[in-house]
Amino acid sequence: MSEKATVAAIIDAATAEGTWVNDPIEAVVRNARSGQGKKPSKADLHEVGAAGTKIIASWFSGDLLQFEGGIIRISGKGTKAKIYKGTCELEIGKNATVEQIGAAPAAAAQPAGAPRAAPPAQTEHRFHNEMKRITLLWIHAWQYAKNAEQKLGLADGLPPEIFQACLSSIFITAKDRGLLERPPATRLVDNQGFPFPYVPAEAAHDPEAEKKELEAARLAAEEAARKVAAEAKRREADDSVPF
């Protein structure tokens with residue numbers, strides 16, 4: 001590849017086993033979504049100046065949603081392009097650097113009298129939902145910073161600049177670990193404004209329900225084994241060649 005990998009070149013070089021992309025990549029981020037649980041953050045990466053050429057990117061180590069609509073530059077080692085079910089997917093390495101280098105290029109002007117394209121559905125609704133999640137995560141970060149301050153037992157509390165640094169560190173680390181998606185409600189506070197420690201609810205113990213779950217799992221395993229045996233027998237019959 002050239003000194004700067006294009007989306008088209010990445011697609012051409014990708015294989016089912018995966019091809020390492022060692023050159024920097026610049027692309028426009030569209031349709032970005034945050035990761036959920038063990039699922040990575042994903043987005044469509046469009047060729048700059050050629051929106052019709054795109055690949056799907058996945059990133060376990062960060063959130064592509066923050067770059068929605070912008071031009072990003074991916075550099076560093078560990079990024080791989082794969083062909084999966086006919087689609088090129090880019091797996092961004094954990095040690096790769098992803099940074100925004102500009103806004104997406106403006107769309108070409110429409111001819112006079114041409115119908116205007118409708119804006120993406122629920123854009124405003126999505127914006128406010130994201131802002132609510134960001135705000136809720138910030139409140140959680142503030143509460144844990146207050147817990148840290150209380151744990152230290154300082155008479156006058158943390159100095160403002162140290163408390164702010166603690167709060168920022170907690171918030172950024174939580175965001176980088178994917179906790180921005182579906183944060184829970186904030187915790188209650190005591191009469192001095194300090195949040196009570198988080199105490200996980202005890203799981204209800206129902207022996208009868210557990211027995212039924214084990215029996216259902218056993219039956220499912222037996223059914224799966226039966227299907228495997230039947231499939232093996234069918235294949236054995238298909239492989240026989242009459243002579």
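Is Glu91 buried, exposed or partly exposed, and what is its relative accessible area? In this predicted model, Glu91 has a relative accessible area of 32% and is therefore partly exposed, since that class lies between the limits of under 20% for buried and over 50% for exposed residues. Glu91 forms a salt bridge with Lys82, in which the closest N and O atoms are 3.8 Å apart, and Lys82, with a relative accessible area of 26%, is likewise partly exposed.

The strands of the model are considered next. An open sheet is formed by eight strands, which follow the order β1-β6-β7-β4-β3-β2-β5-β8 with mixed pairing. Because β1 (19–20) and β8 (97–103) each have a single partner strand, they stand at the edges of the sheet, and one side of each is left without a neighbour there. In general, the strands of a sheet pair through backbone hydrogen bonds, in either a parallel or an antiparallel manner.

Across the whole structure, a search finds eight salt bridges, among them one in which the side chains of Glu26 and Arg73 meet at 2.7 Å, N to O. This pair links distant parts of the chain, as Glu26 lies in strand β2 (residues 25–33) and Arg73 in strand β5 (residues 70–75), 47 residues apart. Arg73 is partly exposed, its relative accessible area being 26%, and a network of salt bridges links Lys4, Glu26 and Arg73. A further salt bridge joins the side chains of Arg226 and Glu223, again given as 2.7 Å from N to O; these two residues are three apart in helix α4, so that about one helical turn separates them. Both partners are partly exposed, with relative accessible areas of 47% for Arg226 and 33% for Glu223.

Two patches are found on the surface. One is nonpolar and consists of Phe127, Met131 and Ile134, which together have about 260 Å² of accessible area. Of these residues, Phe127 lies in helix α2 (residues 123–152) and counts as partly exposed because its relative accessibility is 48%. The other is a patch of negative charge, in which Asp206, Glu208, Glu210 and Glu213 gather. Glu208 belongs to helix α4 (residues 207–239) and, with a relative accessible area of 47%, is partly exposed.

Notes:
Residues are numbered from 1 along each chain as its sequence is written. This is a predicted model: local features need pLDDT of at least 70, side-chain atom pairs count only at pLDDT 80 or more; totals for chains, interfaces and linings use all residues. Side-chain values use heavy atoms; hydrogens and water are left out. Two strands pair if DSSP finds at least two bridges between them. Helices (H or I, at least four residues) and strands (E, at least two) are DSSP runs, numbered from the N terminus. Patches are made of residues with over 30% relative accessible area and no salt bridge: like charges are joined within 9 Å, nonpolar side chains (Val, Leu, Ile, Met, Phe, Trp, Tyr) within 5 Å. Accessible areas come from the Shrake-Rupley method with a 1.4 Å probe; for residues, only the protein chains shown count as cover. A salt bridge is a side-chain nitrogen of Lys or Arg within 4 Å of a carboxyl oxygen of Asp or Glu. Buried means under 20% relative accessible area, exposed over 50%, partly exposed in between (1.4 Å probe, protein chains only). Lys and Arg count as positive and Asp and Glu as negative; His and the chain ends are not counted. The place of a charge is taken as NZ of Lys, CZ of Arg, CG of Asp or CD of Glu.
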